[in-house]
Every structure is written in structure tokens, then in C-alpha cells.
Amino acid sequence: MQFSSESVEGLVEQLTKLPSIGRKTAQRLAAFVLKMPRAEVVEIAEALIAVKDRVRECTICHNVTDRNPCVICRAPRRDRSTICVVEDANDVLAIERTGEYRGVYHVLGGVISPLNGIGPEDLRIRELMRRLVSADDIPDDVPGTNGSATPPEDVDAEAEAIIEAHQAAAVEEIILAVNPNVEGDTTAYYISQLVNPLEVSVTRIARGLPIGGDLEYADEATLSRALEGRGSL
Amino acid sequence: MSTIVRTDAVVLRSLDYSETSQIVTLFTRERGIVSVIAKGARKIKSRFGATLQPTSYIQVVFYYKPTRGLQTLTETSHVERFPDVHRSLEKLVIGQRIVELVDALLQEEEHNPMVFNLTVGVLRTLNEADERLGNLLAYFRMQLATALGFAPAIRKSDVTALTDEGGRLDLNTGAIHPSEVQLPQSRGASRAALRAFAVIARADLRDVMRMQMEPRTQRAVDGLIEDYLRYHVEEAYPTRSDDVASQLSGAGSSHLRG
Ligand SMILES: [Zn+2]
């Protein structure tokens, strides 16, 4: 079925670009938008644009944030000697919801997936290494860029000081909070092989998380237990 | 009209779909490659548990409708577990390269019990083996070529006739020739590499796993097998996991390459 209006058809087309939205769902959403008050539609449109214009990536942990560095990296009470490595920003949210984790994060931006052609150079793995050792000490065969060794230009002196403080902090533990599946396993083994020669312990949350399950869908209690019961690789 | 199918299968890949589901590509014993939807597979308490990970050897039940591209998965259970395939980077990557090859080189719903048994056998060995995992991948590629209908035509006398000069592999027939023979589609290689090629093509898996090769010979024979397979399957040859494997090989696992 096609709408007889070109504008509605255009909206349907655009909506189908979103993940998990097929044509039918897009048509239902478009029909709903047609009935909404104009002010509400404007709010949605503005929120979409604001996300692109205002949200940036934290220089330290690569989480999404309005202010760089992000609130977690800014917080003086967070333990900067423990870094929890996650696949994406949703996993940070899931772990923050447990209210039990006091360390900081590192967002990889994905996981290693040979079947999808995603390797370490597509992820923020070299940037993770950069938080553990100085750029010169990262083995050359770790693909990727060294990240921003100097703070980006758009941050103020206070932010710059925070970035430097993180770089100076001695990291004692890396907690790998990747999903318990083939891609998560591949990522975890790769990172642990890189980090093993350093004086940093590498643990992985797994206990209580069933293989194949997505971290994002774990309830707080399960995730807390998983964090608590993390084991070395 | 839909029928209920119960069959053994190897999981080739899983793709997240909608909120909590997955689209899973299965290599089934009965019907070859079939794509199914596993509803709720990513929920923490999914009824599919750990069965839908690539390289899993499982029994599946699904509703099959020939007019439909995606069948609905209803039940799964492990036939045999290969836990060690998930316990090292090298094994994880080889396992994924094996399923990638099956996925890329077999047609949808192409019934091929020979490739099925080969795949399960190789995954089982991958689970058990402690060393020479590179031999395993070489064996798999070569046997896959044979199962797909282009077994190399190797004569024992051609192999024994090889001199220190080495020889040439005819990419079209898989025959081995002396180095002076002029062939349009061929590759030159050392005697050791061509001998290894011949052994991997003819010997059983157990013997191949006992083969001790110099790293140089290993690389050369991997190159020969890859060229031979590529010559026959052309564009279908998958390269994604090869690319990732070479990126990963830096982290102290040099034989992931190849
Ligand atoms: Zn941050």
C-alpha cells in the first residue's frame, strides 16, 4: 500500500531507515504523526536534530555526552583505577542503573566480528591502550589510531585538567563487560592478550549472564551479580 | 502449507533483529542452508539459551514453508558441545572462518551431507586440538573444494617426480606438474609445499593433524589452497574474516593469518 500524499510517503521512507522499523511499522508511525499536534511533532524533530548537533563523544571514555568530558569522567569520586570496557553507550546505562559500579568506562563502539568484517581497527581499542600506557609503548601491530593525545580544541582549561588527570591515573583493573557470545568472546580474548603483558588485571563479567543474552536486557540484580562475580580470563 | 522440520544443524551466523530477536543462518543436515527467525533469542531468559552461537552443533525444530524466505524456529538443543572453541582467540577465529566458508560457498537449501559431516568433524577437532590449528583450516578448505565437486586431480607419480626445483599447481585441475611445464592458470611452489598440498588433499584429518610443517611451507600451502579454491568459486570466496584475522594476528597469535 502507498499513501497518496508524497510527503507522507517521504516520511515512511525516512522512518524505514531506522533499525527494526519495517514498512508496515513506518506506515503506522506516519499515520500517528499525521494526527499529532504540530507542537509535539516540532519537539520530536528538534530532539532529533539536537542529538546530532549537541551530542559529542567524551574524549576520555568515548561515551556520548553533551559536555566533554562526560559526567562520569568528570566525577572526582569515581575510581579512575578501574575501567569497565563496554560495547556501546547503552551498556553504560545498563551498568549505571545497578548503582553499584564506582569505576569509569571505556566505550569500544562495537565488538570484533570476523563474520561482519569488524576488526580492532574499527573499534576504540588503541584508545583503550592509550589509557594504560603512553602512546610510544603501544605495540605497532595494534591497529587503529592513537586517539587524541592532546585534548581537543573545544574544551576549556578545567576539562583539559580532567583529561590529564585520567591519563596520569594508574589503571589497576580492566573489567570486560562485553556480551557473552562469540563476538564478545573474541573481543575479550583479544583485549586480554594485549593487556596481559602490563601490570593491569583483566577480568570479565559473565557469571549469571547466559550465553547469547544481551547485556542490555539483563535486569539490575543479574547485572550486579555479574559485576560482583567477575573472573579473570 | 507448512511442515515441521526436525534436523541437526550447525549455526553459521546470527544477526540481531528487532528488539530481542535474531535471524539465524543454519546449515542443516536435511535441507542445507536455511534462515530462521528466533524470537526473543537475545532475552536473558531465552528458551534458545546458548544454542544459537556461530559454530554450535544443535538440533533444531522449525516450521518450514517453501514460499517463505525466513522460517520460524521453535526449539533447539545441543547435539554436541564444543566449549573449547570459545576458549581461545585462535580457535574462535578459525571457527568463524569455517562457518563463513560454508555460508559463502553453499547455495541456499543445497542438501550436502558430505559438507555437513566435514564441518561437524572439523569443529570437533578444533575443540579437541591443542596445536597445528592451521592444518585444520587448510584441511577444511581442501575438503570443501572436493565436496563442492572440484577435487584436485593429484597423481602420486607426479608428486614423487618433483625435484628440488619445485613444481607447478594447475589451478584448473589441481594436478601437479614439473616446474618447466608451461601452464596458463598455474602457480609455482616448492616441493615441500606441493607435497603438503597433496597430503592434505588425500589424507584423513587425523593424519593431517600430525603433519609438522615449517612456517614457510605452511604459508605457501595455505596460499596454494586459497588460490585453488578461489579459482573455482571466484567471487563467492569470503574475505571478511580473513581481513579481521590478519588484524588480530598481532596480539601474539601469528598463525591466525594465512
Ligand atoms: Zn567519559
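Modeller: Of the 258 residues of chain B, 41% count as buried, a residue being buried if 20 or more other C-beta atoms, placed from the backbone, lie within 10 Å of its own. The model is predicted: local features need pLDDT of at least 70, side-chain atom pairs count only at pLDDT 80 or more, and totals for chains, interfaces and linings use all residues. Residues are numbered from 1 along each chain as its sequence is written, while chains are lettered from A and ligands numbered from 1 in the order in which they are written.

Chain B contains eight helices and eight strands, both taken as DSSP runs numbered from the N terminus (helices are H or I with at least four residues, strands E with at least two). Its radius of gyration, 20 Å, is close to the 18 Å that the globule rule gives for 258 residues, so chain B is as compact as a globular protein of that length. That radius is taken over C-alpha atoms, and the rule is 2.2 Å times the number of residues to the power 0.38. Along the principal axes, the C-alpha atoms of chain B fill a box of roughly 60 × 40 × 30 Å. Among contacts in chain B with a separation of 6 or more, 59% join residues 24 or more positions apart; a contact requires C-beta atoms, placed from the backbone, within 7 Å.

As for the neighbour, the contact takes 33 residues from chain B and 30 residues from chain A. On the side of chain A that touches chain B, helix H8 (residues 182-195) of chain A gives the most, with seven residues.

Definitions and conventions. Two residues are in contact if their C-beta atoms, placed from the backbone, lie within 7 Å. A residue is buried if 20 or more other C-beta atoms lie within 10 Å of its own, exposed if 12 or fewer, and partly exposed in between; C-beta atoms are placed from the backbone.
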